[in-house]
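Here are some short notes to read beside the structure. Take the points in order, and find each residue as it comes up.

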Protein chains: 2
Amino acid sequence: MNMENAQTEHISKQFDVEMENIRSGVLTMGGLVERQLAGALHALGSEENIDLLTVVKAREKEINQMQVDIDHQCAQIIVRRQPAAIDLRTVLTISKVVSDLERIGDEAKKIARRAARLQGNDRLIKMQYFETIHAGELAQQALGRVLNAFARLDVNEAIAAYDSDEEIDIAFDVIMRQLIGFMMEDPRTISSGLDVLFVAKWIERIGDHAKNIAEAVVQIVMGKDVRHASLEEIKAELEQD
Amino acid sequence: MNMENAQTEHISKQFDVEMENIRSGVLTMGGLVERQLAGALHALGSEENIDLLTVVKAREKEINQMQVDIDHQCAQIIVRRQPAAIDLRTVLTISKVVSDLERIGDEAKKIARRAARLQGNDRLIKMQYFETIHAGELAQQALGRVLNAFARLDVNEAIAAYDSDEEIDIAFDVIMRQLIGFMMEDPRTISSGLDVLFVAKWIERIGDHAKNIAEAVVQIVMGKDVRHASLEEIKAELEQD
């Protein structure tokens, strides 16, 4: 191996290390967001969550900081390493992934806050929590799936997250119909019913963000922008390969 | 001027032209999104909008395609021109701006669809449209402001959009309180009341996206990540300069 090759290899190894750092940063951030969501769902299902909001607030700061740091690392690696092709695509896409992760964290924070306010509501509305928590678990599943898909660059796992998102949308529609029923039966439940409805809406949005991340993973692996493609189109493309 | 300088200048001019193309692409896309929002608000206020959904759907395709194209142009300019400092920051930030623009277009599409469904609702709920359209006009104002701010890299105009977002949030709270009142008084209005509530929620999210774009403009100009900074912190920073 001549000097030049050795140097190229050295630079390429450095690059790999930096890329790996960014990728593991995304997964660490994803883990924090997962905990934020788990905390929010716990708050919905439990009566004792006095300290929860403090934890949620602290964790949100951490998540926000990670987003800023990872974005900065992405810009740095572009300037210093001039990545091309799949590497550049990965870097540019990661910047979007962290933005979706940050927004999932945001929705989780809102759920936790609203859960604190919902404490002590009447039993009828409370029953709706179970449905909502179920939708929340689907969102957790979707988030777990896209993080796994990102970690292993696994398109099939990413596509599985599309299904989770659909299930969440269906769960949301069920919750909404049931809530309308309760509210019409007893208009005194309207105000707290809307609180539950907003929680369900935020969970639905978590599913949307998870789907965006799934699309990002597909984009990284397939080298194709699939954000506006249907699942059928993506699957057809995969079968061609 | 020696050959090398001449060549450098040529490359730099080419770069300027490409950057200008991307920037004007963003503004064209912004104009489309503005029209999408205007169409949606028109649908809310009018009785005749038979062809509206066709127009909205066609325009959405155009908006989506512009997002994909601009993202591609950004990746191309990074590979070919290796921009640094403010140029790189601009390119990376633009990719986020178009993602927020695309989502504003999405919300507008949802509003237009729901508006079509709301046709023929009872007068009581219909009165709420005026409030909602008012909130929508604030969102239009916010969008117009951030596009101007982006066009002229004007931090003050960007900051003005923060205020619009706050006004939208207040308008949303008013709508929500009034709707709860109507729904409690007459439970038959619950279902259509929720339709209006969702429309208001989508308008509120347009305000959020406009604020994200405002933050992006501040970030481009000030070279600082201000996504998680308060308006006071940004203003203090501006006064230091």
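1. Start with a term: contact means heavy atoms within 4.5 Å. With that in hand, look at Lys201(B). Leaving aside residues up to four places away in sequence, Lys201(B) touches Phe198(A), Trp202(A) and Phe172(B). Keep in mind that this is a predicted model.

2. Where does Lys201(B) lie? It is part of helix H6 of chain B, residues 190-222. Is Lys201(B) buried or exposed? Its relative accessible area is 9%. Buried means under 20%, so Lys201(B) counts as buried.

3. Now take the whole interface. On chain A, 35 residues are in contact with 35 residues of chain B. The area buried between chain A and chain B is about 3,100 Å². Carbon and sulfur atoms give 69% of that area. Arg103(A), Phe198(A) and His228(A) supply 17% of what chain A buries against chain B, more than any other three residues.

4. Next, the charged and polar links. The rule finds four salt bridges across the interface of chain A and chain B. Arg103(A) and Asp100(B) meet through their side chains in a salt bridge, at 3.7 Å from N to O. Between the two chains, four residue pairs are in polar contact.

5. Which elements of chain A give two or more residues to the side that touches chain B? They are helices H2 (52-81), H3 (85-118), H5 (155-185) and H6 (190-222) of chain A. H6(A) gives the most, with ten residues. By class, this side of chain A has 17 nonpolar, eight polar and ten charged residues.

Terms used
Residues numbered from 1 in each chain as written. Chains lettered and ligands numbered in written order. Predicted model: local features only at pLDDT ≥ 70, side-chain atom pairs only at ≥ 80, totals over all residues. Heavy atoms only, no water. Buried area = accessible area lost by both parts, 1.4 Å probe. Polar contact = N/O pair within 3.5 Å; in protein donor to acceptor, adjacent residues only side chain to side chain. Helix = DSSP H or I, 4+ residues; strand = E, 2+ residues; numbered from the N terminus. Nonpolar A, V, L, I, M, F, W, Y, C, P; charged D, E, K, R; others polar. Buried < 20%, exposed > 50% of the residue type's maximum accessible area, 1.4 Å probe, protein only.
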